[in-house]
Amino acid sequence: MASDTVMFDLSGRTALVTGSARGIGRRLAEGLSAAGATVVVHGRSAAAAAEVADRIAAATGNPVRSAAFDVTDEAAVDAGISRIEEAVSTPDILVNNAGMQLRAPLTEFTAADWNTLVATNLTSAFLLSKRVARGMIARGSGRIVNIGSVQSQLARPGIAPYSATKGGIVMLTKGLCADLAPHGITANAIAPGYFATELTKALVDDEAFSRWVAGRTPAGRWGDVADLVGPLVFLASDAAAFVNGQILYVDGGMTAVV
Ligand code: NDP
């Protein structure tokens, strides 16, 4: 039936993907644009975000905007969202993707690095969600998708603070569902397994670790960022209208199998 596929069409929707000038976010922005959305590419560099926006618009033929602000700074988030609302509209779809990784043995991890990780990976999603939710509530609809990780569920040595932030994303997602579901808004999370990006470059370059990832993943390989597009389009679309507060692991089976 035609209506069954039209459910995945994002035409007429505005989507903001934080941290989308590179890595996973960039591929997610491309996917949402290809599904019809007017995407806002975001990063800390206005020039980099604008360049990627132009490339995506040229590839998909759909309008693409760009925005630059620091997701850890509440005043900057407020001003950045206000600019997007004036230029386009309150995003119908918010993807909280911006994040970072820092690695160190636990006893050497500094409190400053802990605070930076919490601000970048967790506080950012809280700040963006509460700011964008104002317009979503007024409109009576919206889709928030947070990016977690297999570290939302499984720890590894050397990254306890990162794991804590990604565990926090799970409960933030459920909390957003609790507050926002009555307003027609869904909040879900995608939790990727291991994907080759700048964030994981140190791991990709480590041959032994790279082999371990493929062996530990039931699918037998690293994730390809394209693997994340279908799950995001689903969660952002009318097809997922009654899916709320859920964590979708896109990890080739890693969290399902010991
Ligand atoms: P990258 O390091 O390639 O990209 C991170 C993005 O986040 C960049 O666009 C960066 O912007 C943005 N960003 C970081 N800090 C800020 C800030 N303070 N303000 C604004 N933007 C910021 O990472 P990935 O693409 O690999 O990761 C994206 C998300 O996916 C993260 O949340 C990560 O934890 C998660 N993830 C990644 C996995 C992987 O295997 N790669 C696995 C599981 C989860 P700028 O361009 O300005 O630097």
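I'll start at the ligand: one of its oxygen atoms is 2.7 Å from an N or O atom in the side chain of Arg-22. This is a predicted model, so please take everything I say as computed from it. In Lys-166, an N or O atom of the side chain is 3.0 Å from a ligand oxygen. In Asp-70, a polar side-chain atom lies 3.0 Å from a ligand nitrogen. On its own, the ligand has 890 Å² of accessible area, and the protein covers 93% of that.

Next, the shell. How many residues surround the ligand? There are 28, and the closest are Arg-22, Arg-44, Tyr-162, Phe-195 and Thr-197. By class, the shell holds 10 nonpolar residues, 13 polar and five charged. As for where the ligand is, it sits in the largest pocket.

The volume of the largest pocket is about 1000 Å³. Its lining comprises 43 residues, and those closest to the centre of the pocket are Ala-98, Gly-99, Met-100, Gln-101 and Leu-199. The elements that each supply at least two residues of this lining are α2, β2 and α6. Which of them gives the largest share? That is α2, with three residues. Sorted by class, the pocket lining has 17 nonpolar residues, 19 polar and seven charged.

Searching the whole structure for cavities of 30 Å³ or more turns up one. The largest cavity has a volume of about 60 Å³. Among the residues lining this cavity are Thr-18, Val-71, Asn-96, Asn-97 and Ala-98. The lining also includes Asn-121, Ser-124, Ala-125, Ile-147, Lys-166 and Ile-169. Two of those names have come up already. Ala-98 lines the cavity and is also one of the residues closest to the centre of the largest pocket. Lys-166 lines the cavity, and its side chain has an N or O atom 3.0 Å from a ligand oxygen.

Which helices supply at least two residues each to the cavity lining? They are α5, residues 111–139, and α6. Of the elements, α5 gives the most, with three residues. The cavity lining divides into five nonpolar residues, five polar and one charged.

Helix α6 contributes at least two residues to the pocket lining and at least two to the cavity lining.

Notes: Residues numbered from 1 in each chain as written. Predicted model: local features only at pLDDT ≥ 70, side-chain atom pairs only at ≥ 80, totals over all residues. Heavy atoms only, no water. Near = heavy atom within 4 Å. Polar contact = N/O pair within 3.5 Å; in protein donor to acceptor, adjacent residues only side chain to side chain. Areas by Shrake-Rupley, 256 points an atom, 1.4 Å probe, with all protein chains shown as cover. 1 Å grid on protein atoms, 1.4 Å probe; cavity = no way out; pocket = protein on both sides within 12 Å on 5 of 7 lines; lining within 4 Å. Sits in = over half its atoms within 2 Å of the grid points. Nonpolar A, V, L, I, M, F, W, Y, C, P; charged D, E, K, R; others polar. Points joined across faces, edges and corners; volume = space filled by probe spheres on them. Helix = DSSP H or I, 4+ residues; strand = E, 2+ residues; numbered from the N terminus.
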